[in-house]
Structures are given as C-alpha cells and as structure tokens.
Amino acid sequence: MAMCDELGPKEEYMQQFVEEAGGTSLCNVKNTEVGCNDKQKTFIEKWAAKPADELKKQLDRLNGMLDKDGESMKPEALSWAKQRLGFFKQLQKHAEL
C-alpha cells in the first residue's frame with residue numbers, strides 16, 4: 001500500500017506524519033499562517049520579540065535536554081522539543097540579521 005493511501009486523502013495526515021517522524025515542523029516563524037497549528041503560533045508569538053541572548057539560552061537548554069534526556073522522553077514531548085529547537089534556530093537567525 002502506498003504511503004499516500006495509507007495516510008488517507010487529506011494532506012494534514014501526511015504533514016502530521018512528516019512532522020512526527022522527522023521531529024520537525026513545516027511551520028516557519030516568518031509566516032505562521034501556513035503550516036503552523038495554534039500551539040506553534042502561540043509559541044512563536046511569545047518568543048519572536050525576545051532578544052537574541054534569551055533565544056541562545058533556550059537553544060542551548062533544549063540542545064542539552066535533547067542530548068541528555070531525548071531517548072527517555074515520550075514521543076510527543078520529543079517531537080515538540082525538536083520543533084521548538086527548530087523554531088529557536090529560525091528566530092535566532094532572524095534576530096542576527
């Protein structure tokens with residue numbers, strides 16, 4: 001059975017699979033209207049205005065947490081932590097510009 005048949009006719013199932021399997025997100029901090037759910041939008045809005053040093057602290061904290069505890073985390077928590085890490089990287093990159 002093809003993956004597109006297995007995941008159903010709706011694109012959201014494919015996106016959900018990609019995000020969960022890859023521990024990533026199709027959400028972009030520059031345009032949260034496309035590919036972002038409400039949880040991601042709220043997170044990005046909260047952190048978008050923070051200074052670069054706070055973003056760096058959170059980036060380091062999440063990296064440490066994933067390196068140390070990543071294997072013992074529940075799949076949902078691990079996926080969300082990886083998504084937040086990606087958001088912090090994007091936000092830090094934009095803060096440096």
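One disulfide is present in the structure, which is a predicted model. The bond links Cys 27 to Cys 36, with an S to S distance of 1.8 Å. Around it, the secondary structure of the protein consists of five helices and zero strands. Helices H4 and H5 pack at an angle of about 150 degrees, and Thr 32 sits in the loop between H2 and H3.

**Disulfide**

- A disulfide is a covalent bond between the sulfur atoms of two cysteines.
- The torsion about the S-S bond of Cys 27 and Cys 36 is about 90 degrees, and the disulfide is therefore right-handed.
- Both partners, Cys 27 and Cys 36, are buried.

**Loop between H2 and H3**

- Thr 32 belongs to the loop that runs between helix H2 (11-22) and helix H3 (38-48).
- Thr 32 has a relative accessibility of 15%, so this residue counts as buried, the cut-off being under 20%.
- Leaving out residues up to four places away in sequence, Thr 32 touches Lys 41 and Ile 44.

**Packing of H4 and H5**

- Helix H4 covers residues 52-69 and helix H5 covers residues 75-96; their axes are 9 Å apart and the packing angle is about 150 degrees.
- This angle makes H4 roughly antiparallel to H5, because angles over 145 degrees fall in that class.
- The crossing in which H4 passes H5 is left-handed.
- On the H4 side, the contact is made by Ala 52, Leu 55, Lys 56, Gln 58, Leu 59, Arg 61, Leu 62, Asn 63, Met 65 and Leu 66.
- On the H5 side, the contact is made by Leu 78, Ala 81, Lys 82, Arg 84, Leu 85, Phe 88, Lys 89, Leu 91, Gln 92 and Ala 95.
- Sorted by class, the contact of H4 with H5 comprises twelve nonpolar, five charged and three polar residues.

**Whole protein**

- Read from the N terminus on, the order of elements is α-α-α-α-α.
- Of the 97 residues in the protein, 30% are buried.
- Among contacts in the protein with a separation of 6 or more, 47% are between residues 24 or more positions apart.

Conventions:
Residues numbered from 1 in each chain as written. Predicted model: local features only at pLDDT ≥ 70, side-chain atom pairs only at ≥ 80, totals over all residues. Heavy atoms only, no water. Disulfide = S-S within 2.5 Å. Buried < 20%, exposed > 50% of the residue type's maximum accessible area, 1.4 Å probe, protein only. Axes fitted to C-alpha atoms, helices over the stretch in contact; angles between N-to-C directions. Helix = DSSP H or I, 4+ residues; strand = E, 2+ residues; numbered from the N terminus. Parallel < 35°, antiparallel > 145°, perpendicular 65-115°, else oblique. Left-handed = near helix turned anticlockwise from the far one by under 90°. Contact = heavy atoms within 4.5 Å. Nonpolar A, V, L, I, M, F, W, Y, C, P; charged D, E, K, R; others polar.
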